[in-house]
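Good morning, and thank you for coming. I shall present one protein chain today, and I ask you to keep the sequence and the structure in view while I speak.

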Amino acid sequence: FWTAEYLLHSATIMCERCEEVCGVKPESLEELQAECARDMGNYYSTRLKFLRTCAQHPGFGETVWRGERKPPASGKDKSEGSRLKFVCSADAAKGEQAPKAGESSEAIVWDAIFPEVVHLEDEEAEDNRLAEETGDKAEVKEEDGGDDGGKKRAVGWLEYAPGEKVRLPVYFRRLHEMVERRICRANAGFVAARANPLPKALSLVEAEGEEANEGEPKVVRKPTPSCAGLSFEAGREMFKLANHYQLKALQYYVIDGYVTDHVRILQELSQMYRTLLWWELDHKRAAAMMKRRTRMLSPLLDILNPKVYIAFWRQLSFEVAEVTQQLYELRKDGKLPEAHTALGIDDDEEDHHSVKVAARLNELARSSLKYFTTFLESYHERGVVPDKVDDDNTRVYLTARLNRARLRTKMRGLAREESIEAHKLALREYEWIMDYGKRHPEIATKTEINFATELSLCQEMAGMLPAKLSRIAAGRM
């Protein structure tokens with residue numbers, strides 16, 4: 001992560017000083033600066049997701065950060081290496097053969113720089129060393145501060161915070177000091193908040209060891225990467241950085257002329273709010289963030305042409321529907337989005353006593369229904385429901401139908417006829433999903449679809465709804 005940030009800040013500085021160095025301003029400089037801002041926003045957004053991974057799955061973040069590393073080979077398993085040969089197919093056709101082991105060609109002089117036997121493991125180890133950020137200070141080289149008599153700097157070392165350094169695989173001598181200052185300034189708030197502990201409501205056991213006291217498991221804490229933090233404050237600082245650069249990029253990538261880039265930036269901003277929600281424990285702030293997501297994305301559905309941007313149309317309509325449904329659950333049950341599964345079917349909650357609250361909830365349910373319907377209709381060519389949806393989209397298509405049926409039975413305070421009609425539509429939806437499962441039984445077994453649990457829930461609800469319809473018709477509900 002530090003290497004990526006170093007490179008992106010270097011690119012930004014080069015864009016800013018391009019006119020000063022070259023003496024002329026290139027025509028594409030403004031676009032290049034916008035690209036740097038967008039990539040910087042994506043970098044900080046990715047880092048925000050990594051912070052959540054470290055907090056949600058302790059220990060796993062370290063593995064992701066370091067990457068896959070093979071264990072060192074023992075003496076027994078050490079490879080004998082590969083002997084280089086320089087015999088092509090034409091030479092083999094003439095009857096010439098490659099030198100055998102122990103023999104060498106007189107035309108080739110082997111030495112330490114160009115050895116006859118090479119070991120690929122050595123090259124892999126060197127690549128890993130160059131690709132890996134490390135805190136090992138065994139090989140610290142220094143360079144002069146320049147003609148101005150400045151202090152010496154460690155070559156290849158980045159001081160991202162006072163007293164904290166990391167060795168990078170890249171180093172730009174002329175830019176290093178400026179890049180280092182920018183990184184320190186950008187990460188100052190994050191480094192200050194990084195030490196804050198994870199809230200108790202979100203804390204997880206990282207690893208279990210031997211019991212320290214009777215009945216108490218011993219917790220073995222793995223080190224958190226220097227670029228990550230566990231607290232909400234650390235995540236918020238990273239969110240601020242990502243948000244700053246994404247909004248800066250949006251000033252250039254407007255919808256009129258840069259549709260693809262504009263939509264992708266807004267989608268990334270929405271995912272940033274979703275990531276930050278994992279730490280959020282205040283319902284009002286959580287609701288505000290979800291509303292912000294719908295306000296960002298829903299207007300795009302009125303602008304984009306569904307025939308031209310069908311992929312964006314589906315992504316946006318499903319996400320807006322899903323967020324609105326989560327907001328409904330938050331208002332109704334006080335559950336945060338990541339605290340429950342969207343497929344839990346439970347229609348026996350107590351009625352809401354407040355008419356105002358019930359009306360607001362019904363409005364959210366109708367809004368979610370509208371966007372789920374918009375999503376589903378994008379698969380209905382000329383209004384005809386397809387007999388089969390491709391495997392890549394089957395799960396999300398059936399999930400949208402399932403959520404639509406569920407929402408129809410959640411509305412409260414409706415007139416009897418309206419409530420009966422909503423429950424009938426829900427029953428037809430459940431029956432359609434079950435019929436689809438009978439026609440295409442592979443949806444329960446294919447790994448990429450894995451809809452077996454949902455089919456059993458549909459069967460259960462289809463069996464319960466007729467009795468509920470009778471009670472509503474009789475006025476007992």
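Leu300 counts as buried, at 3% relative accessibility. Buried here means under 20% relative accessible area, exposed means over 50%, and partly exposed lies in between, with a 1.4 Å probe and protein chains only. The model is a predicted one, in which local features need pLDDT of at least 70 and side-chain atom pairs count only at pLDDT 80 or more, while totals for chains, interfaces and linings use all residues. Residues are numbered from 1 along each chain as its sequence is written, and side-chain values use heavy atoms, with hydrogens and water left out.

Leu300 belongs to helix 10, residues 283-303. Helices are DSSP runs of H or I with at least four residues, strands are runs of E with at least two, and both are numbered from the N terminus. Which residues does Leu300 touch, not counting those up to four places away in sequence? They are Ile255, His262, Val263, Leu266 and Leu316, where a contact means heavy atoms within 4.5 Å. Ser317 is 17 residues from Leu300 along the chain, and their C-alpha atoms are separated by 9.4 Å.

Let us compare Arg173. This residue lies in the loop between strand 6 (164-167) and helix 7 (176-194). Arg173 is partly exposed, with a relative accessible area of 47%. Between Arg173 and Gly156 there are 8.9 Å in space, C-alpha to C-alpha, and the two are 17 residues apart in sequence.

I turn now to the whole chain. The protein chain has 15 helices and eight strands, and buried residues make up 41% of its 477 residues. Of the contacts between residues at least 6 apart in sequence, 70% join residues at least 24 apart.

Helix 13 is largely enclosed by the rest of the structure, because 14 of its 18 residues are buried.

Next, the aromatic rings. Rings of Phe, Tyr and Trp (its six-membered ring) pair if their centres lie within 6.5 Å; planes under 30 degrees apart count as stacked, over 60 as edge-to-face, and the rest as tilted. By this rule there are 18 aromatic pairs. One of them joins Trp278 and Trp279 edge-to-face, at 5.7 Å centre to centre and 85 degrees between the planes. Trp278 is buried at 10% relative accessibility, and Trp279 is buried at 2%. Ring pairs also link Phe318, Phe372, Phe375, Tyr379, Tyr397, Trp432 and Tyr436 into a cluster.

A charge sits over a ring if NZ of Lys or CZ of Arg is within 6 Å of the ring centre and within 35 degrees of the ring normal. Arg47 likewise lies over the face of Trp2, 4.7 Å from the ring centre.

Finally, how many disulfides does a search of the whole structure find? The search finds zero, a disulfide being a pair of cysteine sulfur atoms within 2.5 Å. Cys54 is buried at 6% relative accessibility, and Cys227 is buried at 0%.
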